[in-house]
Amino acid sequence: MSERHVFYSIVDVFTRTRFSGNPVAVIHDASEIDTSQMLAIAREFGFSETTFILPPSDPETIAQVRIFTPFEEVPFAGHPNIGTAFVLATRDTAARGPLTEGAVFDEPGGVVRVRLTRENGVVTGAVIEAPHSLQKLGNVDSKLAARCLGLAERDIVSDRITPCVASVGLPFAFLELRSLEALGAITPDVAAFRDAADAGPRTVDGFAVCAFVVMEENEPVTLVRSRVLSPLGHPAEDPATGSASGALAALLSEVESREGGVFRVTQGVEIGRPGEIGVEIIGTGRPPLIRGDCVMAGGGTMFV
């Protein structure tokens, strides 16, 4: 059986420090890789997501991008898009030329608009526009949510957001906690997560939770600490989640009746991979902008 060589890069996203933030594997040219092979490759890497770059099918886009967890394909995710944009700016891929400034990715969840960020002329990361504006998909029972996190029900508050499921491209449950101590004390209960997935509304991986604490509000900037738990999927805790942070910022803006604002979400501290996700809200009813720095962590050749 003949082997084909496939080039890949590993990018740490939402950080400028190698081996922190959230890693993504990016396959430079997936033109001759089928869906089952994509899933197998994603399992081989074992990251939360692996992306596959294909030639564009629409003249208005620069590339098709498919995103896989080790279990399934997902329609959209934040850090994989930012890491893919970073690779397109610096590597030869199946895209229509290198990504220079603004561009559009064609994805199952909808088109994703991308813009590179630079410092002293050097590409440092990217900004993406989520494929959708905020969609609220239903409320979550606070008692069941507390069981999921191994916390007392009093640790979950509704000062700003009633426990709910929301999405700007990928759905998560959002739970506001009373303190950083509660955030650090989370001990996921897998059986409770299964019960929550059965009860609905369902999220990515059945039931995935973004637990958060608002640390400081100094308009227009809001500082947030968060954790994203998904023990029914992979990984059980995500280091830095752009899609969840985008929806969280949109929820907070809506309840505070703010037309715009900047959110800085710190995630991954408790698992030793801190990252900072930037989100900008630019008006009600519009998709959030998700910003992240990147650093190249590695690369090589895979045999398919």
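Glu270 is partly exposed in this predicted model, with a relative accessible area of 29%, and its side chain meets that of Arg225 in a salt bridge in which N and O are 2.6 Å apart. Arg225, by contrast, counts as buried, at 17% relative accessibility, because the cut-off for that word is under 20%. Side chains of opposite charge can pair when their charged atoms come close, and the count of such salt bridges here comes to 14.

**The salt bridge of Arg225 and Glu270**

- Arg225 lies in strand 14 (residues 221-229), while Glu270 lies in the loop between strand 16 (261-267) and strand 17 (275-281), so this pair ties together parts that are 45 residues apart in sequence.
- The pair also belongs to a network of salt bridges, in which Arg225, Arg227, Glu237 and Glu270 are linked.

**The salt bridge of Arg16 and Asp293**

- Arg16 forms a salt bridge with Asp293, and the closest N and O atoms of the two are 3.1 Å apart.
- Since Arg16 is found in the loop between strand 1 (5-13) and strand 2 (22-27), and Asp293 in strand 18 (residues 289-303), the pair ties together parts that are 277 residues apart in sequence.
- Arg16 counts as partly exposed, at 44% relative accessibility, and Asp293 is likewise partly exposed, with a relative accessible area of 25%.

**The salt bridge of Glu217 and Arg160**

- Another salt bridge joins Glu217 to Arg160, with the closest N and O atoms 3.1 Å apart.
- Glu217 sits in strand 13 (residues 209-218) and Arg160 in the loop between strand 10 (156-157) and strand 11 (164-167), so the pair ties together parts that are 57 residues apart in sequence.
- Glu217 is partly exposed, with a relative accessible area of 43%, and Arg160 also counts as partly exposed, at 26% relative accessibility.

- Thr93 is found in the loop between helix 2 (78-90) and strand 6 (103-107).
- Although it lies in a loop, Thr93 is buried, because its relative accessible area is 14% and the word applies under 20%.
- If residues up to four places away in sequence are not counted, Thr93 touches His28, Ile53, Val87 and Leu88.
- A polar atom of the Thr93 side chain lies 3.1 Å from the backbone nitrogen of Ala95.

Notes. Residues are numbered from 1 along each chain as its sequence is written. This is a predicted model: local features need pLDDT of at least 70, side-chain atom pairs count only at pLDDT 80 or more; totals for chains, interfaces and linings use all residues. Side-chain values use heavy atoms; hydrogens and water are left out. Helices (H or I, at least four residues) and strands (E, at least two) are DSSP runs, numbered from the N terminus. Buried means under 20% relative accessible area, exposed over 50%, partly exposed in between (1.4 Å probe, protein chains only). A polar contact is a pair of N or O atoms within 3.5 Å; within protein, one must be able to donate a hydrogen and the other to accept it, and residues adjacent in sequence count only if both atoms are side-chain atoms. Contact means heavy atoms within 4.5 Å. A salt bridge is a side-chain nitrogen of Lys or Arg within 4 Å of a carboxyl oxygen of Asp or Glu.
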